[in-house]
Amino acid sequence: MRVIFHVDEEEKWPLALGNVKNMVAYCRQNASAYEIEVVANSQAVLTYRESGHLEAEMQALSQQGAKFAACQNALRALGISQEELSGFVHPVPAGVVELAQKQAQGFAYIKP
């Protein structure tokens with residue numbers, strides 16, 4: 001299972017993380033291989049700052065193989081440096097490009 005989640009609103013994070021958690025649990029219970037990436041752009045990248053209220057939940061999902069990406073354009077626009085991001089978050093040049101590339105590679109697109 002290859003899935004890319006797209007989060008562009010801060011208030012969508014709890015729903016998105018619940019979806020990721022459910023997908024990881026399903027794949028593990030069914031011994032299915034999975035690649036899951038969560039791409040945040042726009043205001044949603046604010047949640048990636050260290051000490052964010054959802055950091056522990058994201059960290060746990062990261063340890064289970066989920067990847068978290070931040071749009072570099074959004075980070076720049078909001079004045080967030082890479083040093084402010086949680087250690088498990090990796091920047092990508094443009095969130096929309098990452099989404100398109102992953103879909104071209106066969107990832108299913110989900111926008112909670």
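I began with Ser 42, which sits in the loop between S2 and H2. I am working from a predicted model here, so I read each value as computed from it. Phi of Ser 42 comes out near 55°, a positive value in a residue other than glycine. I also looked up its surface: Ser 42 is partly exposed, at a relative accessible area of 38%.

Next I turned to Ala 31, found in the loop that runs between H1 and strand S2 (35-40). Here too I noted a positive phi in a residue other than glycine, this time near 50°. Ala 31 counts as exposed, with 74% relative accessibility.

**H1 against H2**

How do the axes of helix H1 and helix H2 cross? I find that H1 (residues 13-29) and H2 (residues 55-63) have axes that come within 11 Å and cross at roughly 25°. An angle under 35 degrees counts as roughly parallel, so I logged H1 and H2 as roughly parallel to each other. The crossing in which H1 passes H2 is left-handed.

Then I listed who meets whom. From H1, the residues are Trp 13, Leu 17, Val 20, Lys 21 and Val 24. On the H2 side they meet Glu 57, Met 58 and Leu 61. Sorted by class, this contact of H1 with H2 has six nonpolar residues, two charged and no polar ones.

**Met 23**

I stayed in helix H1 for Met 23. Is Met 23 buried or exposed? It is buried, at a relative accessible area of 16%, which falls under the 20% cut-off. Leaving out residues up to four places away in sequence, I see Met 23 touch Met 1, Val 3, Phe 5, Ile 36 and Ile 110. I also checked Met 23 against Ala 104, 81 residues apart along the chain: their C-alpha atoms are separated by 21 Å.

**Cysteines**

How many disulfides does a search of the whole structure find? The answer is zero. I checked two cysteines for accessibility as well. Cys 27 is buried, with a relative accessible area of 1%. Cys 71 is buried too, at 7%.

**Recap for my own use**

Met 23 goes down as buried, and I have H1 and H2 noted as roughly parallel.

Key
Residues are numbered from 1 along each chain as its sequence is written. This is a predicted model: local features need pLDDT of at least 70, side-chain atom pairs count only at pLDDT 80 or more; totals for chains, interfaces and linings use all residues. Side-chain values use heavy atoms; hydrogens and water are left out. Axes are lines fitted to C-alpha atoms, for helices over the stretch in contact, and angles run from 0 to 180 degrees between N-to-C directions. Helices (H or I, at least four residues) and strands (E, at least two) are DSSP runs, numbered from the N terminus. Angles under 35 degrees count as roughly parallel, over 145 as roughly antiparallel, 65 to 115 as roughly perpendicular and the rest as oblique. A crossing is left-handed if the near helix is turned anticlockwise from the far one by less than a right angle, and right-handed if clockwise. Contact means heavy atoms within 4.5 Å. Ala, Val, Leu, Ile, Met, Phe, Trp, Tyr, Cys and Pro count as nonpolar, Asp, Glu, Lys and Arg as charged, and the others, Gly among them, as polar. A disulfide is a pair of cysteine sulfur atoms within 2.5 Å. Buried means under 20% relative accessible area, exposed over 50%, partly exposed in between (1.4 Å probe, protein chains only).
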